[in-house]
Number of protein chains: 2
Amino acid sequence: MGQSREPNDQDRSGRPASVAQAVAWIDQATCCLPAERVPLDDAVGRVLAADCRADRAMPQHDRAALDGFAVRAQQSIGAGAYNPLTLPAIVVAAGDLLPTEMNAVVPLAAADPEGTGMVALVEPVSPGENVQLRGAVAAAGAALVRSGTRLAARHIGLLAAAGIAEIAAVRQPRVSLLLVGPTASQGLRDSNRPMLRALVRRDGGIIADEVAATRERSTLAAALAAAGGELVLVVGGSGAGPDDHAAAALAEAGELALHGLALHPGETSGFGSLGGTRPVVLLPGAPPACLWSYELFAGRAIRRLGGRDPALPFRSCRVTAARKIISTIGIAEVCPVRLGETAQTIEPLPSFAEIGLGAVAIADGVTIVPAASEGHAQGAEVTIYLFEDHHGLRIGL
Amino acid sequence: MGQSREPNDQDRSGRPASVAQAVAWIDQATCCLPAERVPLDDAVGRVLAADCRADRAMPQHDRAALDGFAVRAQQSIGAGAYNPLTLPAIVVAAGDLLPTEMNAVVPLAAADPEGTGMVALVEPVSPGENVQLRGAVAAAGAALVRSGTRLAARHIGLLAAAGIAEIAAVRQPRVSLLLVGPTASQGLRDSNRPMLRALVRRDGGIIADEVAATRERSTLAAALAAAGGELVLVVGGSGAGPDDHAAAALAEAGELALHGLALHPGETSGFGSLGGTRPVVLLPGAPPACLWSYELFAGRAIRRLGGRDPALPFRSCRVTAARKIISTIGIAEVCPVRLGETAQTIEPLPSFAEIGLGAVAIADGVTIVPAASEGHAQGAEVTIYLFEDHHGLRIGL
């Protein structure tokens with residue numbers, strides 16, 4: 001957290017920091033938390049902190065891969081439509097241990113039972129056919145699922161099959177929310193609290209505590225000093241207005257590293273730390289600015305602490321701008337966009353400044369216009385982040 | 001559920017049903033469940049059963065869009081670098097109601113305070129500049145979030161801002177798991193139960209009850225008759241072996257509509273109903289077959305009941321087969337694949353028959369080769385379903 005001790009060039013010059021500088025600050029301030037033991041039944045969605053290995057060969061013995069007749073392959077040599085061969089066979093179900101001396105399985109439909117324990121075959125079978133061989137799923141000691149994997153249902157199935165009842169998972173980051181009340185004159189409904197609770201949960205964090213504080217600097221500084229968890233989010237009071245004391249309170253309780261970003265929405269975001277180690281993000285109180293400051297910085301901190309992919313948790317793709325997308329030069333801008341019918345093009349929508357969070361209900365996603373750009377020309381190829389997973393093709397078998 | 005009363009052509013012919021027929025059966029057997037009221041705090045991930053509308057204009061009054069000075073725009077006409085104009089101004093924070101008779105906001109940095117309640121401007125400002133106008137987010141009565149939307153954190157923020165404390169959500173489907181024990185000779189660890197619990201939860205279902213039954217037909221039929229929920233999943237005992245009675249038990253307790261699919265893994269899947277209305281899916285006991293029969297059919301039923309997109313919950317994309325992908329003609333085959341370095345090509349991996357669930361830990365996704373095809377030629381363009389969301393591009397501002 002060296003950066004939090006010496007204010008950087010941006011602070012000294014008074015110019016706002018860039019998005020890249022803020023991302024770099026988050027990255028140096030956060031790293032993956034230590035592991036904890038988690039029962040497999042609660043492990044879905046958790047990030048493995050160590051490889052899960054097979055303690056023995058899987059399967060441990062040769063097994064039938066399907067329902068059928070276990071036979072000795074060498075006895076079927078020469079079988080044909082004009083030369084059906086009758087040989088000893090044992091009925092097996094998929095998953096059954098292969099009976100001793102049998103080395104292949106003939107599907108039920110491919111053999112005619114001939115009295116007790118015998119079948120007639122009209123074609124030969126190879127050794128190992130329809131048999132899952134010892135160690136085929138995994139050799140003893142082999143890695144089943146790698147460290148860093150976020151466990152999905154299918155991994156749970158594999159680990160359960162290996163007899164693993166507990167895994168080592170990255171601990172979930174505990175996040176403190178310090179909610180600075182709106183000014184009395186605003187009479188606004190608090191939309192940030194429920195939104196942030198859902199966002200923190202989506203990114204694998206746990207709300208450790210949630211404190212509503214008044215706007216006074218001393219109250220905020222005291223609340224900051226008392227906040228728990230691995231990350232503190234101060235919501236509101238981050239601006240330069242006479243009622244805004246979040247930055248000053250952080251400087252008093254800990255260290256303020258960056259304040260003010262070349263990002264819209266999100267201009268008044270700030271970054272610092274408590275006790276030199278615990279990162280604090282100052283989120284603007286205006287809901288769209290709170291949302292994007294969370295997504296780009298606070299969420300990134302939570303994702304890094306929890307061992308997840310730190311990138312925005314949206315699918316990105318390259319599309320063509322069907323119309324010009326205008327943005328202010330010198331400031332990165334998050335622009336709501338709507339996909340065209342073929343999902344190959346996008347059109348700009350009214351900005352977050354104009355229609356606030358209303359944009360998130362009508363947009364398919366956003367494009368982030370870099371600070372150095374005045375926008376995207378019509379026909380330009382543009383990276384967008386899609387809110388929903390557009391599955392695109394549907395299964396059509 | 002008409003189809004469940006007259007066995008169809010596939011049953012009469014003894015030929016296995018196609019994947020398309022099974023999907024069509026699921027689709028006619030399931031429809032979206034009725035709504036229930038859900039507090040907004042618990043609503044993330046739920047599917048809206050009705051449009052959420054703004055009960056009044058949002059915002060209800062003109063508000064400052066950023067921290068600055070509220071001014072009367074017409075008083076700034078003629079202001080310039082060589083003609084600074086001093087005019088009355090009131091300090092406002094983002095979100096503040098615009099003071100009476102003021103109609104624009106000048107950012108803090110763009111004006112010099114001149115004594116109490118006055119600022120000097122060096123350029124004119126337009127009416128409405130940096131003001132969020134009454135109704136800009138939503139007009140009174142306008143739809144904020146549409147019926148059918150699965151609520152994400154950002155929607156929760158918008159609905160909270162509108163003062164909505166409770167929403168109408170599609171009820172979550174209740175699913176009964178009827179687990180048929182492995183045969184005594186198998187001594188297998190049960191991987192299906194934990195995997196299915198995670199899968200049902202992922203798709204928005206709730207496990208209503210979970211019954212472990214022995215393999216006897218009469219026990220199974222009794223358990224089926226007693227099962228609750230909107231969907232019953234029987235796991236195991238679906239094959240044609242002497243110990244497999246799931247299909248017969250379903251025919252006894254209700255109706256068996258389809259049994260046996262041209263799908264690998266998943267050949268022994270079955271479909272039917274209880275009381276003519278409650279769908280039952282027979283899932284094979286072999287874990288890879290259980291997984292794919294769930295993903296393609298049982299999961300689809302849960303997703304449809306819960307008002308979600310019924311398609312496979314994986315991102316699909318078109319890629320090039322870098323090597324030939326072999327499959328048996330006459331049967332659709334789920335083939336594990338690995339993406340090439342550029343994510344433009346795929347290579348086949350050992351099949352589910354060969355390495356069981358081991359395939360899900362090494363694969364990036366699957367391709368489903370249709371029954372009519374012998375596989376994909378090298379260089380063919382192929383649809384794949386990706387297990388994880390490959391975000392592809394990273395934010396790099």
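What follows is a short account of the interface, the symmetry and the salt bridges.

Please bear in mind throughout that this is a predicted model.

I begin with the interface. Chain A contributes 82 residues to the contact, and chain B likewise contributes 82 residues. Together the two chains bury about 6500 Å², with 59% of that area on carbon and sulfur atoms.

How are the two copies related? Chain A is superposed on chain B by a rotation of 180 degrees with 0.0 Å of shift along the axis, at an RMSD of 0.0 Å. The two copies are therefore related as by a two-fold rotation axis. The same surface serves both of them, since 100% of the contact residues of chain A recur in chain B.

Let me turn to the polar side of this interface. Between chain A and chain B there are 4 residue pairs in polar contact, counting pairs with both residues at pLDDT 80 or more. On the side of chain A that touches chain B, helix 3 (residues 153-161) of chain A supplies the largest share, with 8 residues. By class, that side of chain A comprises 45 nonpolar, 18 polar and 19 charged residues.

How many salt bridges cross the interface of chain A and chain B? The rule finds 2. In one salt bridge, R193(B) pairs with D41(A), the closest N and O atoms being 3.5 Å apart.

Over all chains, the structure holds 40 salt bridges. One of them joins R300(A) to D27(A), with the closest N and O atoms 2.8 Å apart. This pair links distant parts of the chain: R300(A) sits in helix 7 (residues 287-305) of chain A and D27(A) in helix 2 (residues 19-29) of chain A, 273 residues apart. Is R300(A) buried or exposed? R300(A) is buried, at a relative accessible area of 12%, whereas D27(A) is partly exposed, at 23%.

A further salt bridge in chain A connects E347(A) and R323(A), at 3.6 Å from N to O. E347(A) belongs to strand 23 (residues 345-348) of chain A, and R323(A) to the loop between strand 20 (315-321) and strand 21 (325-326) of chain A, so the pair ties together parts that are 24 residues apart in sequence. Both ends are partly exposed: E347(A) has 34% relative accessibility, and R323(A) has a relative accessible area of 42%.

In chain B, D27(B) and R300(B) also form a salt bridge, the closest N and O atoms being 2.8 Å apart. There, R300(B) counts as buried at 11% relative accessibility.

Thank you for your attention.

Notes:
Residues numbered from 1 in each chain as written. Chains lettered and ligands numbered in written order. Predicted model: local features only at pLDDT ≥ 70, side-chain atom pairs only at ≥ 80, totals over all residues. Heavy atoms only, no water. Contact = heavy atoms within 4.5 Å. Buried area = accessible area lost by both parts, 1.4 Å probe. Salt bridge = Lys/Arg side-chain N within 4 Å of Asp/Glu carboxyl O. Polar contact = N/O pair within 3.5 Å; in protein donor to acceptor, adjacent residues only side chain to side chain. Helix = DSSP H or I, 4+ residues; strand = E, 2+ residues; numbered from the N terminus. Nonpolar A, V, L, I, M, F, W, Y, C, P; charged D, E, K, R; others polar. Least-squares fit on C-alpha atoms with pLDDT ≥ 70 in both. Buried < 20%, exposed > 50% of the residue type's maximum accessible area, 1.4 Å probe, protein only.
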